[in-house]
Amino acid sequence: MTAPGFTIDTPRLADAPAIARVHVESWRDAYTHLLEDHEHWFGAPALERRTAQWTSILTPGDPQYGRATVRVGRSPDGQVVGFATGGPTRDADAGATLELFALYTDRAWYGTGLGRALVEAVLEGASASVWVAAENPRARRFYEKLGFAPDGAEKVEEHLGNLVDIRMVR
């Protein structure tokens, strides 16, 4: 699957540090105004945690391996500049078969079609749900453009300082 300026493929174990970097930097862009303790969420400790997490997810034989579909977006020089993960919905009442677990891209790639391509590479056009921070209007608008709409479900992420998420479905 290709589009101007990027390619989409399945990540390799060697991509774990690059995916972790995108993950942490994208969290910084999206959640700085919503989360306290910035060093914990966006600093070196976060990068170490995310690198370990992605190493686990991408290591064959690890319990995390294969639990989700993961795709990465690569720049023309092969660098990881975004990722998406998804799998069977975790919510029986979602009215969808799949769930988009995460989507993050480097800021420089906003508006290029990379996010849309990553979502479709993971969901393949299926009905799906996604949880998004209620106070993240940019993400909500993006998902609306992909056909997602709030379904009224909310949850509070206590471990994230009581961040409120809403569920969107298509």
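## A covered helix: α4

Helix α4, made of residues 114–123, is mostly covered, with 8 of its 10 residues buried. The buried residues are Leu114, Gly115, Ala117, Leu118, Val119, Ala121, Val122 and Leu123. The structure described here is a predicted model.

What lies over these buried residues of α4? The cover includes the strands β2 (6–9), β3 (69–74), β4 (80–88), β5 (98–105) and β6 (128–133), together with helix α5 (137–145).

## The residue after α4

Just past the end of α4 comes glutamate 124, with a positive phi. The angle is near 50 degrees, and the residue is not a glycine. Glutamate 124 belongs to the loop between α4 and β6.

Is glutamate 124 buried or exposed? Glutamate 124 counts as exposed because its relative accessible area is 68%, and the cut-off for exposed is over 50%.

## The chain as a whole

The chain holds 5 helices and 8 strands. Going along the sequence, these elements come in the order β-β-α-α-α-β-β-β-α-β-α-β-β.

A compact globule of 170 residues would have a radius of gyration near 15 Å, and the chain has 15 Å, so the two agree. Along the principal axes, the C-alpha atoms fill a box of roughly 40 × 35 × 35 Å.

How much of the chain is buried? Of the 170 residues, 45% count as buried. The accessible surface of the chain is about 8,700 Å², and carbon and sulfur atoms account for 52% of that area.

Contacts can also be sorted by how far apart the partners are in sequence. Taking contacts between residues at least 6 apart, 58% join residues at least 24 apart.

Helix α1 covers residues 16–31, which is 16 residues. From its first C-alpha to its last, α1 reaches 22 Å, close to the 22 Å expected at 1.5 Å a residue. The buried residues of α1 include Ala16, Ile19, Ala20, Val22 and His23. Val24, Ser26, Trp27, Ala30 and Tyr31 in α1 are buried as well.

Proline 11 sits in the loop between β2 and α1. Proline 11 has a relative accessible area of 11% and is therefore buried, the cut-off for buried being under 20%. Which residues does proline 11 contact, leaving aside neighbours within four places in sequence? The contacts of proline 11 are Ile19, Leu58, Val70, Arg71, Val72 and Arg74. Arginine 74 is 63 residues away from proline 11 along the chain, while their C-alpha atoms are separated by 9.8 Å.

## Serine 56 in α3

Helix α3 runs over residues 44–57 and contains serine 56. With a relative accessible area of 16%, serine 56 counts as buried. When neighbours within four places in sequence are set aside, serine 56 is in contact with Asp62, Gln64 and Tyr65.

Glycine 86 is part of strand β4. The relative accessible area of glycine 86 is 1%, so this residue is buried. Without counting residues up to four places away in sequence, glycine 86 touches Ala68, Thr69, Glu99, Leu100, Phe101 and Val122. One of these, Val122, is also among the buried residues of α4. How far apart in space are glycine 86 and phenylalanine 101, C-alpha to C-alpha? The distance between glycine 86 and phenylalanine 101 is 4.9 Å, and 15 residues separate them in sequence.

Aspartate 165 is found in strand β8, which spans residues 163–169. Aspartate 165 is buried, since its relative accessible area is 7%. Its contacts, apart from neighbours within four places in sequence, include Trp131, Val132, Ala133 and Ala134. Aspartate 165 is also in contact with Ala153, Glu154, Lys155 and Glu157.

How values were computed
Residues numbered from 1 in each chain as written. Predicted model: local features only at pLDDT ≥ 70, side-chain atom pairs only at ≥ 80, totals over all residues. Heavy atoms only, no water. Helix = DSSP H or I, 4+ residues; strand = E, 2+ residues; numbered from the N terminus. Rg over C-alpha atoms; globule rule 2.2 N^0.38 Å. Buried < 20%, exposed > 50% of the residue type's maximum accessible area, 1.4 Å probe, protein only. Contact = heavy atoms within 4.5 Å. Areas by Shrake-Rupley, 256 points an atom, 1.4 Å probe, with all protein chains shown as cover. Expected span 1.5 Å × (residues − 1).
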